[in-house]
Amino acid sequence: MSETTNTNEEKKKPPLNGRRALPSNNSNDEENEVPEMEAFGLIPRGFNPKDYLHVVDIRMFKEPHEINKQQHHTDKYYSPKLIVRRGQTFQIQIDFNRPYKPETDQFWLEYLIGRYPQQNKGTYIPILVGHVLKPGEWGAKITHKENNSVRLSIMSSATCIVGKFRLYVAVWTPFGILRTHRNSATDTYILFNPWCQQDAVYLDDEKEREEYVLNDVGIVFHGNINDIKLRSWSYGQFEENILDACLFLMDKAELELSGRGNPIKICRVASAVINSRDDNGVIAGSWDNTYTYGVAPSAWTGSVDILLEYYSSKQPVRYGQCWVFAGVFNTFLRCLGIPARLITNYSSAHDNNANLQLDFFLDNEGKVDTKLTKDSVWNYHCWNEAWMTRPDLPVGFGGWQVVDGTPQETSDGMYRCGPASVQAIKHGHVCFQFDAPFVYAEVNSDIVYQRREKNGTQVIEKIDTTHVGQLIVTKEVGGEGMMEITEEYKFQEGSQEERLALETAVMYGVKKQTIQDTMYQPQTDVDMEFQVQKAVLGSDFKVTITFRNKSRNSYTATTYLSGNIVFYTGVTKNEFKKHSFTAKLEPFSSSAFDVLIKSSEYLSDLLDQASFHFFVTARINETGKILATQKATVLEIPMLRIKTQGETVAGKEMSVTVEFTNPLKQTLENVMLRLEGPGVLRTMKKEFRQIPMSSTLIWEVKCIPKRPGLRKLIASLNCDALRHVYGELNVQIQKP
C-alpha cells in the first residue's frame, strides 16, 4: 500500500494507488451512502414512487425468544440487533403498502458491509427471491404471503464474511430502483457456524459446541507441575458491546473485509492484535512485577472489562500475562463463533533460537549463569486452541490449531503465533504453517546443561529430555474438572513413536544441535511406499508398507503405523489403529508388510464421510535415519439409485422410485429418506424403522412436475450408523 499520513483529510478520502481501483476495505465500521432512488435516465414528470410497490416495514424477528436467535444459538447475545450464523436459514418479514404481485412486482435484498462494497469481494450481496434455497449459498425464497406482507427465508453463504451487514430492500420500477432508507435497526450480524457442516469451523459434537462456543465462563490452570492451581475466568462473549468490540479488533488489525470469512486469517491477525507489541493491540504485557499505571495481571477476573476499555480508549490495556492474553483471545474466538479452548502447558520451553534445546550455562560452582543463559522454561504457559479446517495444508491437519496471543517471539516480523496444527506438531510434521516449530519446541525441547572449563572448552553435564511439556491440560467438557490432552501434542515420553516424531521434526527443518553438530542427511538407499486397498464401507481391508533396500547392507526398520478417522475436511477425530513392528530389510531386495484393518476397528467411530488418514514413520536402526509418509483414504459409500417410470411430462403424474441396499453387517434403524427436485416435486420425507443387513428398500413417490426442461432429483439417506448416502438423477421434463 502507498504511504499515508493520518490527517483527518486523508481519513475522509483514502489514498488510491496504481494497484487498486478502490481503496482497501478493512473497516466494518465505515459505511458508504446508498442512493434511495437510482434512476435509469430522465424521470417523467408524472412519476410518483408511491404508485409502485413500497416497503412500509421490515420485521427481523430478532428478539431472543423469536425463531432466528433460537435456531441460530445466538439468543444469549445482549444485543437488540439480529444475529445469525452463516450457512443456515433465517426469517424476515417485509410489509408493503399493498399485496405483493409476483407477476408484475420485482424486489430484491441487498446486504452491504464496509465502505466500498463490491460483489466480487463478497461485500455487496444482492439476493434475488427464488424458489429453492441451496444449502450454504446466498438465496431467499418466499415462505408465506398474507395481506400486504411476505415472509422470506434467507440462506447465507457458509463461507461469507463474518461481521455486521446493512440491509436494504430494493424495488424495481420502469424508471429506476427504489431503495429503503438506511435503517440501523435492520443491521444483521453474521457469525461463524459450528453447527453447519459446510462451515470451516464445523464441530460435530453438541456437548463440545456448548462448551467451546456457548460457555461464557472457563477455568485457567496455573501453578506448576507439582502444584496445580486453578481459577475461573469469565469470557463474557455475549455481554453488551463485546461483539462490536471483537469486530473492532479486526478493523484495528486492518484485516481486509474479504478475508473475514476465513478463520485461519482471523486467528493469525488476532494473535498479533491481542498483544500491544508492534501494533498498539489490546493488552500490554508485563512480567517484571511492577505494574504502575495499570492493573496487575492477576487482578483481572475476565475479559469483558479489558475488551470494553480497549474498545472505548483504543489504547492498550495494562497489564497482562499469558493467561490474560489467552482469556481475552478465547472470548474473541467464541464471540465470533469459532470453537476455542484455553490450554495450559506445564514446564513450557521458551526456546530463543528454536534449536529444540534449551541451553543452560553453569558457572564453576554449578549454578546457572544468568548472563549467558537466554532460554527459559516457564512453570506453565497458556495459549488457545481454535477448531477449524486447514484447506491450506494436506489432509489430516485440520481440527485443533494452536494460536497464541502472548508476545514471545516474532513471526513474519510481528509478535504473533499460529494457527499451528496440533496434529502436525504431534507427528513432527512441522513444515506446515504457521509457527509449528516454535510450538513444537515449547512442548518438546531438551534441556542441556553445560559448563565452561577453565581452558574454555564446553563440557555437557546433563541432558534432560523429559522435563519440558510434561503435562498439557484444559477444562473438561461440561464440567469443572481438568482434562489432560498431553497425548494430543506428543507420544508417550521415551516411546519409539516419540523419538520418531522428533526425528521427523528435525528432518523437516527444526534445528536440533546434536553435540557434534552434524548436518542432517536423509537415508537415500531405502525407499518406503504405502498402499491402501480400495474398500467398501463395512468391509475389512489391508494396508501395505513396502520397503526397497537398494544397498548391500542389511537393515532393520522400527515401523509405526497410525490410522486416524478424519472428517472429510481433514480434521482428525481419533486414532483407531496403532501398529508397530520391526521390519528386516535384506540387501538389494523389496519387502512388503500387510496390516489388516478390520471393520470392527473403525465402524463404531466412523464419521459421515468415512475418511481415514494414515501416518507411517520408520527408523532405520543401524543409521538412525527416518522415513516418513502419510496418506488419506476414503471408503466407498454405497449410492441411492433413483429411477423414473413412464413418461415425464409437465402437468402429468409421474412416478419416481428410490432404492437402497444396506451394505453393513447390521440392521439400520430409523432411516430417514428425503427426495426433492425443484420444479418436479416438493421435498418429501419418509422414515423406515428398519433395513435388515443386505436387504433392499424401495420407495415409490408419485408427483406432477410443474416446469419443462432439464431438472435434477436429489435423494439422501440418513441414520446413526450411516450418513452421507446420496443419489441424484437428471430428468428431462417434456413440454405437454
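**A walk around Asp404 and beyond**

When I say strand or helix, I mean a DSSP run, numbered from the N terminus, with at least two residues (E) for a strand and at least four (H or I) for a helix. Before we go on, please keep in mind that this is a predicted model, where local features need pLDDT of at least 70 and side-chain atom pairs count only at pLDDT 80 or more, while totals for chains, interfaces and linings use all residues. Residues are numbered from 1 along each chain as its sequence is written, and side-chain values use heavy atoms, with hydrogens and water left out.

Back to our residue. Is Asp404 buried or exposed? Asp404 is buried, at a relative accessible area of 2%. The scale works like this: buried is under 20% relative accessible area, exposed is over 50%, and partly exposed is in between, using a 1.4 Å probe and protein chains only.

Now, who are the neighbours? Not counting residues up to four places away in sequence, Asp404 touches Ser271, Phe329, His381, Cys382, Trp383, Arg416, Cys417 and Glu442. Contact here means heavy atoms within 4.5 Å. With His381 there is also a polar contact, side chain to side chain, at 2.8 Å. A polar contact is a pair of N or O atoms within 3.5 Å; within protein, one must be able to donate a hydrogen and the other to accept it, and residues adjacent in sequence count only if both atoms are side-chain atoms.

So let's hop over to His381. His381 lies in strand E18, residues 376–388, and is buried, with a relative accessible area of 0%. Among the residues in contact with His381, leaving aside neighbours within four places in sequence, are Cys322, Asn345, Asp404 and Glu442.

Which residues does UniProt list for "active site"? The unreviewed entry gives Cys322, His381 and Asp404. The UniProt positions are in the numbering used here, feature names are shortened, and annotations may be inferred rather than shown by experiment. These residues are spread over 83 residues of sequence, but they cluster in space, with a largest C-alpha distance of 9.9 Å.

The unreviewed UniProt entry also has a "binding site", at Asn444, Asp446, Glu493 and Glu498. They span 55 residues in sequence, yet no two of their C-alpha atoms are more than 13.0 Å apart, so they gather at one spot. Let's look at two of them. Asn444 is in helix H9, residues 436–444, and counts as buried at 11% relative accessibility. Beyond residues up to four places away in sequence, Asn444 touches Val468 and Lys490. Glu493 is in the loop between helix H10 (486–489) and helix H11 (496–507), and is partly exposed, with a relative accessible area of 29%.

At the start of H5, a side-chain oxygen of Asn262 comes to within 2.8 Å of the backbone nitrogen of Ile264.

Next, aromatic rings. How many aromatic pairs does the structure hold? There are 25. Rings of Phe, Tyr and Trp (its six-membered ring) pair if their centres lie within 6.5 Å; planes under 30 degrees apart count as stacked, over 60 as edge-to-face and the rest as tilted. Take Tyr100 and Phe107: their ring centres are 5.2 Å apart and their planes are at 80 degrees, so the pair is edge-to-face. The rings of Trp387 and Trp400 have centres 5.2 Å apart and planes at 75 degrees, so this pair is edge-to-face too. Trp387 lies in strand E18 and Trp400 in strand E19, so the pair ties together parts that are 13 residues apart in sequence. Trp387 is buried at 6% relative accessible area, and Trp400 is buried at 10%.

Last stop: an open sheet of 3 strands, in the order E27-E28-E31, with antiparallel pairing. Strands E27 (526–532) and E31 (589–597) stand at the edges with a single partner strand each, so one side of each has no neighbour in the sheet. E27 and E28 (residues 541–549) pair over 7 bridges, where two strands pair if DSSP finds at least two bridges between them. For example, Met528 has Phe547 in E28 as its bridge partner.
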